[in-house]
Amino acid sequence: MKKRFACIFLLGLFLCLCACGKDDPPQSTTSYVLDAQQLLNAEEIRQHDCDVHGHVYSQATCEKKAACYYCGAETGELGAHDWMRATCIRKATCTVCGAEQGDFGSHLFTKATCAAPSSCAVCGAKSGSALAHSFKAATCVTPSICTGCMRKQGSALGHTWTGGSCTEGRTCTRCKRQEAAPGHKMSKGSCTQDAVCSVCSYTEKAKGHQFQNGVCTVCGKTLTQASSEDATRTTTAAVTQTETTQPPLDLTALQAYGDTLQTLLQQAHDEADNAIGASGDERKTLAASAVEHLAQAVDTVEEAAALCNADARTKALADKLTAVKKAIQNSATLQNFYDSSFINTMVTVRADSTAGLNALKAYQTALTALQ
């Protein structure tokens with residue numbers, strides 16, 4: 001009897017414990033923070049019970065405390081301001097509430113060039129004056145060119161040739177360029193007509209018909225035909241037009257433009273890349289220098305394109321240069337870029353520089369093909 005009562009008591013206690021476990025699940029007090037984009041879908045939000053699963057708090061800001069995404073309950077204190085660095089036209093400013101602190105920042109001056117003085121990349125303020133041009137001497141085929149900005153001055157000197165004939169080459173007394181003898185430009189002779197060079201009048205005398213069985217073995221005319229021509233032939237020699245030739249291309253200047261563009265675009269790419277990981281004044285200087293180098297590249301493209309369009313044989317190169325300018329012109333005109341989107345802006349400058357370098361390859365390939 002006692003054993004039966006003990007069994008019934010234990011069975012009842014077990015059923016009670018099971019019932020309690022179903023009605024009163026254990027409470028979770030865990031609180032944690034998630035980004036808003038990590039929240040579950042709307043159906044899961046409706047099913048969320050903060051008393052069971054715990055609150056899911058947002059990040060606190062300087063205007064709002066951390067709040068549960070599900071029930072709105074707040075916790076903790078207001079967050080710190082998110083300060084954006086001061087510039088020469090704006091104090092340090094909170095990106096959340098717009099509060100300001102401290103003083104205005106320093107100007108971010110770019111380097112002076114031959115074309116322009118040093119200027120602030122943020123507000124455009126000028127400092128000092130433009131640098132003096134550094135012109136290298138003109139050559140037979142290129143005018144005097146500034147090594148800093150590629151600006152041209154005057155005109156090419158032109159070759160001064162010595163010697164030269166149909167059978168003798170010629171040499172430039174200034175640059176020592178040599179050109180081989182072009183050879184005679186002979187008119188078409190015949191059995192009875194002399195062949196004459198249209199340049200130097202060198203003459204190869206007609207050898208006359210070579211008849212065999214009444215037919216010329218050279219031109220195929222019969223003795224009768226030859227006699228008829230002799231009776232009507234005038235003594236005036238046929239005039240042949242002198243074949244016009246274009247002077248050989250000298251692509252030295254166009255190659256120099258290509259080398260300069262390669263250097264400017266690579267510098268802009270490297271400076272933008274370094275600016276992304278830099279801080280303080282170094283960050284500002286690198287960013288401004290990258291944009292300035294792109295602006296110089298645009299000027300160089302325009303001058304090189306003008307030179308290409310001056311000769312019909314190099315006009316196709318101007319199209320290649322247009323592609324380079326199109327790739328970089330937006331980044332090259334940036335003025336006020338030092339704000340909360342600085343990193344994205346520098347990524348864009350770096351990408352445009354890369355696109356410009358890729359476009360330049362087509363120009364360099366086409367230039368090589370002309371050499």
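Two strands are taken to pair if DSSP finds at least two bridges between them. In this predicted model, E13 and strand E14 (residues 170-172) meet that criterion, pairing in the antiparallel sense over three bridges. One of the contacts between these strands joins Gly 163 to its bridge partner in E14, Arg 170.

E13 and E14 belong to an open sheet of three strands, ordered E13-E14-E15 and paired antiparallel. The edges are formed by strand E13 (161-163) and strand E15 (178-179); each has a single partner strand, so one side of each is left without a neighbour in the sheet.

Arg 170 also takes part in a side-chain contact: Arg 170 lies over the face of Trp 161, 4.0 Å from the ring centre. Aromatic pairs, by contrast, number zero in a search of the whole structure.

The cysteines are considered next. A search of the whole structure returns zero disulfides.

| Cysteine | Closest cysteine sulfur | Distance |
|---|---|---|
| Cys 97 | Cys 94 | 3.7 Å |
| Cys 146 | Cys 114 | 3.5 Å |

A disulfide requires the sulfur atoms to lie within 2.5 Å. The sulfur of Cys 97 is therefore too far from that of Cys 94 for a bond, at 3.7 Å. Cys 146 is likewise in no disulfide, its nearest cysteine sulfur, that of Cys 114, being 3.5 Å away.

Methods
Residues numbered from 1 in each chain as written. Predicted model: local features only at pLDDT ≥ 70, side-chain atom pairs only at ≥ 80, totals over all residues. Heavy atoms only, no water. Phe/Tyr/Trp six-rings, centres within 6.5 Å; stacked < 30°, edge-to-face > 60°. Lys NZ or Arg CZ within 6 Å of the ring centre and 35° of its normal. Helix = DSSP H or I, 4+ residues; strand = E, 2+ residues; numbered from the N terminus.
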